[in-house]
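Please consult the sequence and the structure shown below.

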Amino acid sequence: MKRLVALLVVVGLLVSVGVAAAAYKKEYKMSLVVGPKGPWGESATMFAKLVKEKTNGRVNIKIFFGGQLFAGKQTNEFLLLRQGVADFALGSTINWSTTIKPLNLFSLPFFFNFQGYNQVDAVEKGNAGKYIFNYIAKRGVVGLGWGENGFRELTNWKKAIKTPDDIKGMKIRVVGSPIFIEIFRALGANPVNMNWGSAVTAFQQHTVDGEENPINAVIIPYKIYDIHKYITVWDYLIDPLILGVNARDWKQFSKEDQKAIVESAAKALAWEKKQARKGLIGENPPAYKFLESKGMKVTVLTPAQRALFKAKTKPVFDKWIKIVGVELVQSAMEDMKK
Ligand code: X2X
């Protein structure tokens with residue numbers, strides 16, 4: 001009997017040691033599609049640093065930049081995060097939208113106004129944003145907050161694009177997300193799907209004529225102005241980021257560490273959003289002047305020109321509100337009114 005008790009004690013000890021060791025990983029992997037430069041990458045570094053400090057080193061996050069964790073296919077990021085190949089990700093809603101259909105809300109063409117940053121904030125903070133975070137939570141990812149890649153603008157090496165006629169037949173690189181292919185086909189362009197990891201080389205080699213990306217988080221850090229001399233500022237859609245964590249990892253963190261992670265996310269993301277929008281608001285803002293100083297010709301669409309692009313892409317909009325969910329679209333519109 002004594003022996004049995006001793007054995008049970010030993011087994012008990014081993015089990016509890018095992019559980020404690022399994023509870024926290026030595027290192028948590030964080031996925032990013034882009035590199036360390038610019039608001040997107042820098043805020044991830046800031047987040048990991050804050051988490052480490054605030055948890056006294058208990059939660060140690062290593063960032064895998066440039067899409068290293070998803071081996072090329074950026075639209076797999078949400079799946080990898082849900083499976084735990086990545087523990088954290090600061091991901092573009094576009095890359096996650098092939099898995100999470102409601103995220104196509106942000107890719108509806110011309111849904112938000114030109115420089116409609118207040119509308120974007122209202123949707124993220126409002127019922128639509130809550131619905132989306134609930135939706136991803138049911139699919140194994142806890143949303144820690146919203147960041148921003150930005151409103152996506154069109155760049156190319158050939159000519160200034162002012163009307164839908166100008167873009168006809170142009171080969172435009174887009175993310176491998178169906179709505180993007182459809183938008184550019186509706187405009188008469190020739191969209192090609194390419195992962196970001198191989199896109200920049202393709203731009204340099206003129207394999208494609210153009211691309212679309214936000215100014216502060218991508219065009220400037222990647223020096224797209226060295227390759228593309230023309231930019232059309234049209235704010236045709238917004239690309240928010242979500243900082244997400246795998247739900248199984250999340251449950252293992254103590255309440256205290258969860259709080260530290262939430263606070264770190266809030267701080268890093270507030271900074272990130274500010275940087276992503278810096279110099280972009282108002283008429284002829286400093287960021288456009290910066291691009292001009294780098295040799296770019298900046299074309300800002302007039303409301304009338306923008307309306308032409310909007311009209312051309314209306315069938316795509318009408319089709320995709322059903323895929324996003326009519327209720328979610330309505331809820332976002334309500335949020336914007338508040
Ligand atoms: O691939 C892109 O264009 C990028 C970097 O903006 C995204 O990840 C959506």
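In the bridge pairing with strand E2, Tyr-28 has Ile-61 as its partner. The model is predicted. Strand E1, residues 28-31, runs parallel to E2, and four bridges join the pair. Both strands belong to an open sheet of five strands with mixed pairing.

**The sheet**

- The strands follow one another in the order E2-E1-E3-E10-E4.
- Strand E2 (61-64) and strand E4 (141-151) form the edges; each has a single partner strand, so one side of each lacks a neighbour in the sheet.
- From one strand to the next, the twist averages 20 degrees.

**Helix H5 on the sheet**

- Helix H5, which covers residues 117-125, packs on the sheet and touches both E4 and strand E10 (238-246).
- The direction of H5 makes about 170 degrees with that of E4.

- Val-298 lies in strand E11, which spans residues 297-300.
- The relative accessibility of Val-298 is 13%, and this residue therefore counts as buried, the cut-off being under 20%.
- Leaving aside residues up to four places away in sequence, Val-298 touches Ile-231, Val-233, Tyr-288, Leu-291 and Glu-292.
- Between Val-298 and Lys-168 there is a separation of 130 residues in sequence, and their C-alpha atoms are 19 Å apart in space.

Definitions and conventions. Residues numbered from 1 in each chain as written. Predicted model: local features only at pLDDT ≥ 70, side-chain atom pairs only at ≥ 80, totals over all residues. Heavy atoms only, no water. Pairing = 2+ DSSP bridges. Helix = DSSP H or I, 4+ residues; strand = E, 2+ residues; numbered from the N terminus. Axes fitted to C-alpha atoms, helices over the stretch in contact; angles between N-to-C directions. Contact = heavy atoms within 4.5 Å. Buried < 20%, exposed > 50% of the residue type's maximum accessible area, 1.4 Å probe, protein only.
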